[in-house]
Amino acid sequence: MSVDLSYYLILAAVLFTIGLIGLLVRRNVLVMLMCVELMLNASNLTFVAFASKLKDVGGQADVFFVLVVAAAEVVVGLAIIVSIYRKRLGATADDLSSLKG
Amino acid sequence: MKLVFLIPAFPLLGALSLIFFGRKLKEPLAGYIATAAVGLSFIFSVVVWIKFLGFSGNVFVDHLFVWINTGSFKVDAALRVDPLSLTMVLFVTGVSTLIHFYSVEYMHKDIDFPKFFLYLNLFVTSMIILVLGNNMLLTFVGWEGVGVCSYFLISFWHERPSAASAGKKAMIVNRIADVGFLLSMFLVIHYVHSLNYSAIFAAGPSLAKTTVDAIVLLAFVGAMGKSAQVPLYGWLADAMEGPTPVSALIHAATMVTAGVYLMVRLSPLLALSPDVAHIITIIGILTAFMAAMSATAQDDIKKVLAYSTVSQLGYMFVGVGTGAYAAAIFLMVTHAFYKALLFLSSGSVIHGMHDEQNLKKMGALKVVMPITAVAFFTGWMAIAGVPPFAGFWSKGDVLVGAFSESWLVWIIGLFTAGITSYYMGREYCLAFLGKARWISESSKGKKKSSKKEDHGHVVDPHEPSFKMMIPVVTLAILALVGGLLNLPFASSLKFLDKFLTPVIAASPSYFHPSAVNQIALGVLDAVFAIGGGLIAYFIWSKTYEKPALEFTLFKNAWYIDKTGDVAIARTSTKLAEVTDNVIEPKVIDGAVIGLSKLVLAVGILVRKMASGFVRREALVIAGGLVALIIIGGLRGGL
Amino acid sequence: MIFGMDPLFLGHITIGVVIIAAVRVLVAFVVLLVSVMMMIWFERKVISDMQNRIGPNRAGPYGLLQSLADGIKLFFKEDLIPEKSDRFVFKLAPYLATVPAFLTFAVIPVGGNVTVLKHTFELQVADPPIGILFVLALSSIAVYGVMLAGWSSGSKYPLIGSVRASAQMISYEAAISLSVATAVLVSALTKSGINFLSTRAIVGAQASSVLHWNIFEVGIIPFVIFMIAITAETNRPPFDFVEAEQELVGGFNTEYSSIRFALFYLAEFMNTITMSAIAVTLFLGGPDGPGFHFLTWLWPILWFAGKTLVFLFCYVWVRAALPRLRYDQLMDLGWKFLIPISLGWLLIVAAMRMPTTTKDIFIAFGVILVLCILSGVFLWRTINVGKERTLSKENMKLADSNQGRLIVDEIDIVGGRIIPLPGLAEIDDDDENNEMTDSSVISSSHLDMDSVEIETAGDEK
Amino acid sequence: MMLLSATYPDSITFVLCAIVVVGGGLGVVLSNNPVRAALNLVMTLFGVAVLFVELSADFLAVVQVIIYAGAIVVLFLFVIMLLGVDKQEKLGSEPLILQRVIAIVVGLAFLGMIIGYGWGNFNSHGSYSVIGVASGGDSGIVELAKATFSYYLLPFEVTSVLLIIAIIGAVVLIARSGPGEDEVKEDISAEIKTDGPKEGHENDVSVSEDKVDEVRSVDFTVGEEQIV
């Protein structure tokens, strides 16, 4: 690896931040889920960068688990969206405020 | 010897059969079954005793099963056969049998006839367990068992409010004392890690003196309640609300002696603790004196006997306190005989007088109830200590012990003996001599023909039936010859002393007086006893009202109960009222409600944070994350 | 490392190496394009023969240039973009369909090693260590072209076609992966070593004799499953629901015209060729076959081309012979038969191939027995479930009476609503005041839309 | 070797990928159409995949493409198309007060602090090779497999259980109750009947059985009509 580790980490941090801000700003639930995927990808990138830097395959193995968790999250998340949509005809996060105190 | 478990088993079996079949068994049969159960128990006690006489050791322990097994602490359900428990078991079962037999007739036509005998059997079972228990816990089981049964029996006629409250009073006073017993047990568990008597006695010398003091003193607190010592003696007089056989069984012969038994059982420890022994002596003599004085002013035929019981128990504790343990047991046995006799005789009187207990309304019963009068007279002589009745020998032994301890104790004891003779004489004179006050003024003119129309006072005193007379006569004979157990003339005649010596401690202060001293003391006893009796006869055979000799102080039993009522009950009630009216609504409710209001207010405030908008909440989470990073950075954690 | 075992990159990388690599790419590209043209002609001709007609015979000898003529015609046709489409995506979609089809061919070993100008290299554009996974990745990417084309058209039938396509392709990918995994497992065990995911290594493992071809090593079943699944994956008949003319007009590419339409066409046929090549590589030993001592480089290529041609003929044959399935039958076939069977077969092969001692063999056969029983029970159940659905008389009646019934079943998933289109949905945003009550706005606008449609439909009648 | 062993191809790759990744990320956040956002997400995913290759994690790169791009995003698109939630979101307005400002502030604070605290510590040495060294001609696939199935066996099992739970949960969430089904179906059939082909598409039904022969001359007329 010729590119310095720090660049990868900073890139991952930027990507994570983009995902974070997107999660907070966007109203479409699907887009919010996509932003979560961005954040997960940022963490994946960090894992792999460290795996490469430290020559330890453990970092790559971790990415597997992140992938599985992401898949599970998307499956359940989309199922929730579909079942909400059946009742409420919308996938806007701000409409789903029935849990308010 | 292995048959020892049968001793408690028979009364238990009797009780169980009465529980299940009592209603069907109907009147006389239930009573006879109960009597037979206790009688069998007595027979097996005798069998065990005979076997024990051929036994080489001093103590035989029959392990039934492991009762409690928690790690290092283990309690067996085991029965202990040794001279002390055998003595107790023999007279408990013996006297119980007689009283059971007596009750069959006495409780005739009572609605709850089978229940009465169920309680009686259960009581005897408990008492046997108490006496035979190999460890303090088993003793405590019996201890509580007799407590419960006494509650049932005192308030047996619970329709009467006085009987119900008397039962409650006995229960409460005993529970207060039981705390002492429990604490004593806890101390033993903590320091000895075993409740077996053998282990306790073996560990006794190695324990610190204060520990021993505390154990014995706390056990004595328990004994004070059970044996009605000052100041916990009020319940015994009230307990006379129960049927007369109950009074005879529980409050004369068996249960109240449990305290004395416990202290004698613990005598190896008590001997190590002379200070506590002094306290026991003082309380004992105080009880003896105060109760005797109280008895001089009572009008109720049974209350006199109740206070005399308390007084005699005081004597027993004097014996325990001065180290004359064998003398205490001796007095206990003879007391069981003559007090049971007195109670049963008075029961006959009450039975004959149709539940009339007021001495002032009796008189001249000797004419209609001659045998009862003789029996009662025997009881008087025995309790007064007139030679050669049983009481003379046993009380003499105790007074010898008191004399060896302190001359003051001895003098008070001697004086009390005189008083005892006096109030028993008063009772005898009021009941059996003088004029027949039971022929009421209103019905006097109408003579016997119109008696039956006289409401409430249809009095036709008569000698009880033959069946009731058998136990009375038996007990009278025993009261007469009971002294044979332990005659002081020669050491070879001291059967009980010799029998008991292996298991009771020899008190360092107990000295064996010379023959001259003993004779002198005995003569003094006899003089006081006869003197008291004569005084009573001269005063009370003529008149039945002499307020100058019936002090209100004594009538009210030194106001101990009233004091307790004022000091504890009223104050507690007041405190409870204050708590109810002020503390509970203002302080506690205020705190709780205030807290809930506070939480509500905070909740209303915080609720606004939960906007329900996912993004808003995600923002809060992100903000928290940033805050965490900031804090971590400030603390140098990153 | 990423260049795998290709001897070309083992030495210094010089200008010659780069040129050779570039030429390889170019040749592959051109050959693919030409073969697609030939394939189209081949298909039309074969089907014509099967249907007892002549087929294209005007352009060029035997009509060989017919495809070229069609291409030129399409290229010069007017390029239409529907008004309601999402323009950027509409333009993007054909390339998303074509590029994976091209790329997939990059990892297929066409022949053995050749030496040109002292440079020895493989007849293969690239040989990455993860070659076969690369194929799977690209086949999973391929779905984007179809999906986005359908969606961006802003029309109803293309959208339905693309939704069908995505469901279908995702479903059959699992079966493909499992049968590929079986083949890879067998190859990796035959030739123990690194790079067992490389396509060339897989081919190499089958090289020794015909009986070592994976089709026999894996026990034929995964091969059959793979063939069925790739037919569905490429949306070829009888699985061409994406463009089922009778139901969906033209399917996902209804709104496409001109060169964009040609690109979809190109992608489809290229996918057919590529998938055939992959099947050859995985199961039939790739370029393996008896050769002669002269022109040694030629025979592997000929073998490869021949094997591929057999597959292509099979495709055409199947297309001509079999009617289209129903959509629920397609899903039943994918989920209830292909996936369980291929998974079970993978486990059985693993159990049979892995053990080394007698005890292990016994254990393995015990496992196999249990698996067979379990899968048998499972299959029995699923088959019955399928029967209930497919054979119930009411369903048959409905299907007969209403041709749109199958579409109904599909839209049903949404919850009984018509799938809105990108153009239509934009209407909602005109309402700016009510950001917080979007849902109600949507629903009301939907209702409005529906009612309008009813009216117009009535008017037209 | 000369060309490839030099540093600058790596640097160029990294820069290009970084642009793709960040651009795609911004695209996800800023595009007002969910389908566009999904496409941008795919772009980011490909960028990350190439970075994985750059970090010699070939296998992960492919898996990333297969699972993320090939399954997850397709699922996203599927749901978007199925539900028709591809309506354009008004990015200009924000109903929640200060949400956007605070979000950006928080996000930038987070980024600043991560980089600020980490600066100078990024290259500090950790513990090397706890699990195993990723090396060899197979891009570490064997090592990865060994690590996954031995050292990470428990997490592996747990995640597989998680996956099953997710599948079952999704099925339960989506599954319909019996009675509702019929009503819904009736509704659809009603709607479908009224759902005639849209403008200009009636003419487009001349689809031949054999698509190869299809010339699609109809397109011209349609186009003319639209133009006119």
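A helix, in what follows, is a DSSP run of H or I with at least four residues, and helices are numbered from the N terminus. The model is a predicted one.

I will start with chain C. Helix α1 of chain C covers residues 15-50, which is 36 residues. From its first C-alpha to its last, α1(C) reaches 51 Å. At 1.5 Å a residue, 52 Å would be expected, and the value in the model is close to that.

What follows α1(C)? The residue is C:N52, and its phi is positive, near 60°. C:N52 is not a glycine, yet it has this positive phi. You will find C:N52 in the loop between α1 and α2 of chain C, where α2 covers residues 66-76. Is C:N52 buried or exposed? C:N52 has 72% relative accessibility, so it counts as exposed, the cut-off for exposed being over 50%.

C:N235 sits in the loop between α8 and α9 of chain C. Its relative accessible area is 6%, so C:N235 is buried, since buried means under 20%.

Staying in that part of chain C, the peptide bond from C:P237 to C:P238 is cis, with omega near 5°. C:P238 is in the loop between α8, residues 221-233, and α9, residues 245-248.

How many cavities of 30 Å³ or more does the structure hold? There are nine. The volume of the largest cavity is about 180 Å³, and 15 residues line it. Nearest its centre are C:V146, C:T234, C:N235, C:E268 and C:N271. Two elements of chain C each give two or more residues to this lining: α4 (131-152) and α10 (258-283). Which of them gives the largest share? That is α10(C), with five residues. Sorted by class, the lining has eight nonpolar residues, four polar and three charged.

One more residue of chain C is C:Q168, in helix α5, residues 156-190. C:Q168 has 0% relative accessibility and therefore counts as buried. A polar atom of the C:Q168 side chain lies 2.9 Å from the backbone oxygen of C:A232.

B:N135 is in the loop between α4 (113-132) and α5 (136-154) of chain B. Its relative accessible area is 0%, so B:N135 is buried. A polar atom of the B:N135 side chain is 2.7 Å from the backbone nitrogen of B:L138. Apart from neighbours within four places in sequence, B:N135 is in contact with B:V75, B:D76, B:L195, B:N196 and B:Y197.

What does the side chain of B:H100 make a polar contact with? The partner is the side chain of B:N121, at 3.3 Å. B:N121 is also among the contacts of B:H100 beyond four places in sequence, and the others are B:A34, B:T35, B:V38, B:F117, B:L120 and B:V124. The C-alpha atoms of B:H100 and B:I33 are 9.9 Å apart, while the two residues are 67 residues apart along the chain.

The cis bond in chain B joins B:P387 and B:P388, with omega about 10°. B:P388 lies in the loop between α17 (370-384) and α18 (390-405).

Last, chain D. How many helices and strands does chain D have? It has nine helices and zero strands. From the N terminus on, its elements therefore read α-α-α-α-α-α-α-α-α under the DSSP definition. Chain D has 228 residues, and 41% of them are buried. Of the contacts in chain D with a separation of 6 or more, 43% are between residues 24 or more positions apart.

That is the end of the tour.

Methods: Residues numbered from 1 in each chain as written. Chains lettered and ligands numbered in written order. Predicted model: local features only at pLDDT ≥ 70, side-chain atom pairs only at ≥ 80, totals over all residues. Heavy atoms only, no water. 1 Å grid on protein atoms, 1.4 Å probe; cavity = no way out; pocket = protein on both sides within 12 Å on 5 of 7 lines; lining within 4 Å. Points joined across faces, edges and corners; volume = space filled by probe spheres on them. Nonpolar A, V, L, I, M, F, W, Y, C, P; charged D, E, K, R; others polar. Expected span 1.5 Å × (residues − 1). Buried < 20%, exposed > 50% of the residue type's maximum accessible area, 1.4 Å probe, protein only. Polar contact = N/O pair within 3.5 Å; in protein donor to acceptor, adjacent residues only side chain to side chain. Contact = heavy atoms within 4.5 Å.
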